[in-house]
Structures are given as C-alpha cells and as structure tokens.
Amino acid sequence: MIIPITISTDSSSAKLPSGLARISHDEIVLVELQGALDVGDCHPTERNGKLVGKLSIDDAMKKPTLLIGHHLLEGKVAAIPKPLAIMHRTNAAAKNIGDDMEVDDETQLDDSIGGTRGGNDGQSAPEWTILGLVKKKIIFSKRPMPVIKRS
Amino acid sequence: MPDFDLHFSPFSTDEAASYKLIELPSELVGLLENAIQSSDPLGLVIKGDPTEDAVLCTRDKTYSIRTVNLSNTLLVVTPPPDTEFNFAEDAVVIRDQLNEILELAPAVPRISKLVGRLRGREYDETNEEDDEDEEVDSDGSSRYTYTQAREEIQASDAELDVCLKQKRILIIKDELRPISPSYLNNILELTLNVLVSESLSHSAASLDRLTSALAGDHGISRVVSAQVLAWFGEIQAGGKWKMNEDEVIKELGLGILREHKNDDPIEKGAFVAKWKLAVGDTFADRVSLNLLAGNYLEGRPVGRIEHEYLTYFPSSTLPTDPAARFADLFLTRTKWRVEDITPFLSDIAVNNKERDKLLLKYCRAISESGAVWYTARAQYNG
C-alpha cells in the first residue's frame, strides 16, 4: 500500500495576524501547553467555534500570554530542536481511522494512517499533504496565575 | 500588545486527528524546504501493509517511523477557515490537539519480502523460448511484477532498483525473474569469449555487437543480455559497454565457490588457481579474495589442518533480523574476529556506527592472544 504525501503549494489560504505569523510560519503556529484543554461539553460538537481565550504576544516576541477564563499563562517562544513538518489529511471521508490506529508509548506506528482496508471499501483513500515546516513554537510552561476580570 | 481571540475551529470534531507532526532529520529539512520553494513534488510516500510497521520513502532513501508520546499538548493554530461563523478580525482557531509526534530514523530497505515472493520464478536457459504471456506457471506460482514491487516493498524507488541489480533479478515484460546463478555464469563466460572472438575491448565494446553475438550464436535473448551487461558494467553514450571488471571477476569466483558448501571445502590455493583460469589471462591479476568478502568462510577443517580451506557461506541467505543473524553466525563459529564478522553485517546495518551498535548489543568482546574476539552473549546462543 502506498500513501502519497503531497507538498502544499496553495499560497492563497488565509494568513495569521502578523504578530503570530512572524514566529515561524505565516499560516500555522504551534502552541504547547502542559496538560490539556479541559472542555466541559456534553456533546463533542458543542465546542465547535467556541472561544477558548485570548492569545497575546509582545512586539519583541519575548512574552506571549494566554488568558483562559480566569487563568493567565505566561510563556516564551522556543526553538524546536528538530523542525517539524505539519501533515494534514485533506480527504475527510475515512473518519474511523482514529479507532484503527494503535499507538503505544515509543513503539512503532502500525501502518494504519489513512489506509483503506478490506472492511473500509467504499471510502476513498485519504490524502495527506505537508502544509509547511515549523521551527519555533510558543510554549506555556509556567503555572497559570489566577486573575480577576473586571466585568 | 496585540491580542488574538483563540477559538476552537468550527469543524473541531471533524478535524480532530487530521493533523500529524513529523520530526525531520537534518537532511530532510533541506530537501523539504527546497521542495516547498520550488514546488517540486518530491515523491514522498508512506509504504507498508496493514501488518507491517510503516516506513517513509523519499526517491532514494527509506526511514522508519516511530510515534513518540509527549506529556505536553501541542495545539495546531491557524487563521479561521472560510465559514459563516462570525470571527473577530484577528481571531485564530485551534484545528487539532496533539500528544504525539512522528519520529523518522534512516532505515535499511526491507527487501526480504521480495526474495520470498520470487521463489520458483527463476529464469534460465529453459526459458529462452518462453511464451511470456502466461499468468500462472505450471507449478502454481504466480507472476510478481515490477509495478507490484514498487507498491509493496518497503524501499525507495532508487533502493529497489539497486536491490534488483545486486540480487540479479531480471525484468521481463514487467515481471521480476531472478536469474539462475549457473545461467548467469554461463552468460558471463560467453561474454568474455565473445569479447575475444570479436576483438572487442572490454572498456568500450559495442553493445549491439555483443548482444547480437550472444543472441545469434548462443540463443540468449537480447532483453536478458542487455540487463546482465548493465549489471556488470556501464552503458555509455554511443552504445558502448564498459565492463566492471571486479564485478565480473567476483561473479565468476562465486560460481566456482558455490560448489563448495560445508561438506566439500576447497583448498585456498586450488580455488584461486581455478578462479584465475575461469577469468582468463587478461584479468587474472585482479583476482583477489577481498572481492568475495561476506560470501565465504576460511578455516582449517579437522583432518586437513595443513592448509586453509574455503567454504561457501553467503550473507544473502542469513536472516535479516539482527538477533537471528547473530544466532546463526555464532552457531557456525563460536568466536569471530572483527574483520571476519563485519562483512556479514554490512547488509543489515545502515553505516559503521549502526554496525558497531549491533556488535555491542549482541556480542561480548574478549581479548585473547593479542587480538579482540567476539562471542555470543549468553541468551542468544540457542
């Protein structure tokens, strides 16, 4: 089985605001958090489009902050030791791939990335494309500070 | 300080798990950056069966893929996609939340599957008159094509071609046929004869005249002879073939050596003499056992200890899995010197550093009579 990976040449897609575009890539920025975003939703689609918080960054790109609810996170822009390629699956037909992938800690990936198997006949093979390379990320590693918002 | 509203993407549930981050080794960074700049398609693919571990192939290299779990979460943030949703001017959206990245490491191409698939499909002099349109042979083994190999074998295209050349596999009407070793030897001997009889120089022989003579006088199909000559030399502009003397000499040596497996070793001097005879006077000086490294064992068998004897022991028949290979090697001999064991590791280690790591992992080094010897670590000895 062969899964081709194309390289995206689409330069017409929207760009990030300049404050974020300057960090590494003009269309994608990576934000690293310790832990995960905990969303209190009853239904998975409830979160679509909802506001998470406010991301800011100073002009010198030294002090990014993220305000989520009453937590204020302070971070920094850090270089990623080995650049990361962002790969995106463009054909959304094969939705159950997420269940087929078996991932264990630091073991090799079973080759089920978007492959069509016997049972999935009728779904077109997903296409993967590389959107770009990212060499820097925003990382929030300090504990959040509680803030009180003036309403 | 400018601030940006951070939202979940309007298609957050659909987009979950549609992004993957791949950590790039340094050589791929440059390659990818150039490709993005110049819109070069680059030919990157991921290959593998559902039962195998995936590999990523460029046009000429293979990389294994491992998933590394992160304790932190990485958010992929982009400008909002086009929807009716009313986002503020400078809003950005989270498209995906990731806890793992894919790590690439250079890997040896996995071609053992190919050898298995081609069993029973050898080509020799009985096939010269073959009707090549038969799908299935009389003994039930079916055709395996070059196209199939490109899709199924976990190797880059360039590495697959090199492998076909090294393993002496012919491509006849897209089907892969390994050539029988004795038939190959025959063709090489005939080629050397033709070079002499037609007074052709071995560094610039007319390809046409060669293949015609082989076809006309000896019944060897041009499709076959052209490929064999390409394996053993360079086809230059103007239709001239420049022989790779060492490769030809090596193959003729192997032809003789193959007769002498474990039960019938040949005395070293006698072997070299026979070999020189086979290659002819022009090339006799280039005959050297170094050419056959990784294909023979030298030793003094019980009862014949006055001389060194050689036995045929090709690394191509050893297992590709390192643990199994070392087990086999130590079953054959309980201890090895570095220079004796390294030729049998060259096809399973990408480079010298990897090979040394394998030696460290699977062997114990001991110092004896002034030299370093490798022995098996206890658990791998059967």
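This is a friendly dialogue on how to read some features of a predicted model.

Reader: Where should I start with chain B? How many helices and strands are there in chain B?

Author: Chain B holds 13 helices and 17 strands. An automatic or database assignment divides the chain into domain 1 (6–107), domain 2 (109–125 + 145–179) and domain 3 (318–382). Taken over C-alpha atoms, the centres of domain 1 and domain 3 of chain B are separated by 39 Å.

Reader: What is the radius of gyration of chain B, and what would a compact globule of 382 residues have?

Author: Chain B has a radius of gyration of 27 Å, while a compact globule of 382 residues would have one near 21 Å.

Reader: Let me look at one helix. Which residues of helix H11 of chain B are buried?

Author: First, the general idea: an α-helix has 3.6 residues a turn, so residues three or four places apart point the same way. Now the case here: in H11 (residues 322–332) of chain B, the buried residues are Pro322(B), Arg325(B), Phe326(B), Leu329(B) and Phe330(B). These residues are on the same side of H11(B), because they cover an arc of only 130° around the axis.

Reader: What covers the buried residues of H11(B)?

Author: The cover includes two helices of chain B, H12 (338–341) and H13 (352–362). Strands S15 (335–337), S16 (363–368) and S17 (371–376) of chain B are also among the elements that cover them.

Reader: Now for cysteines. How many disulfides are there over all chains?

Author: A disulfide is a covalent bond between the sulfur atoms of two cysteines. Over all chains, the count is zero.

Reader: Which residue other than glycine has a positive phi near 65°?

Author: That is Ala17(B). Look for Ala17(B) in the loop between helix H1 (12–15) and strand S2 (19–23) of chain B, where it is partly exposed at 35% relative accessible area. Lys173(B) is another residue other than glycine with a positive phi, near 50°. Lys173(B) is in the loop between strands S7 (169–172) and S8 (175–178) of chain B, and it is exposed, with a relative accessible area of 55%.

Reader: One last stop, in chain A. Where is Lys54(A), and what is it in contact with?

Author: Lys54(A) is in strand S3 (residues 51–56) of chain A and counts as partly exposed, at 34% relative accessibility. Leaving aside neighbours within four places in sequence, Lys54(A) is in contact with Thr65(A), Leu66(A) and Leu67(A), and also with Asp3(B), Phe4(B) and Asp5(B). From Lys54(A) to Ile3(A) there are 51 residues in sequence and 38 Å in space, C-alpha to C-alpha.

Definitions and conventions: Residues numbered from 1 in each chain as written. Chains lettered and ligands numbered in written order. Predicted model: local features only at pLDDT ≥ 70, side-chain atom pairs only at ≥ 80, totals over all residues. Heavy atoms only, no water. Buried < 20%, exposed > 50% of the residue type's maximum accessible area, 1.4 Å probe, protein only. Helix = DSSP H or I, 4+ residues; strand = E, 2+ residues; numbered from the N terminus. Arc of directions from axis to C-beta. Contact = heavy atoms within 4.5 Å. Disulfide = S-S within 2.5 Å. Rg over C-alpha atoms; globule rule 2.2 N^0.38 Å.
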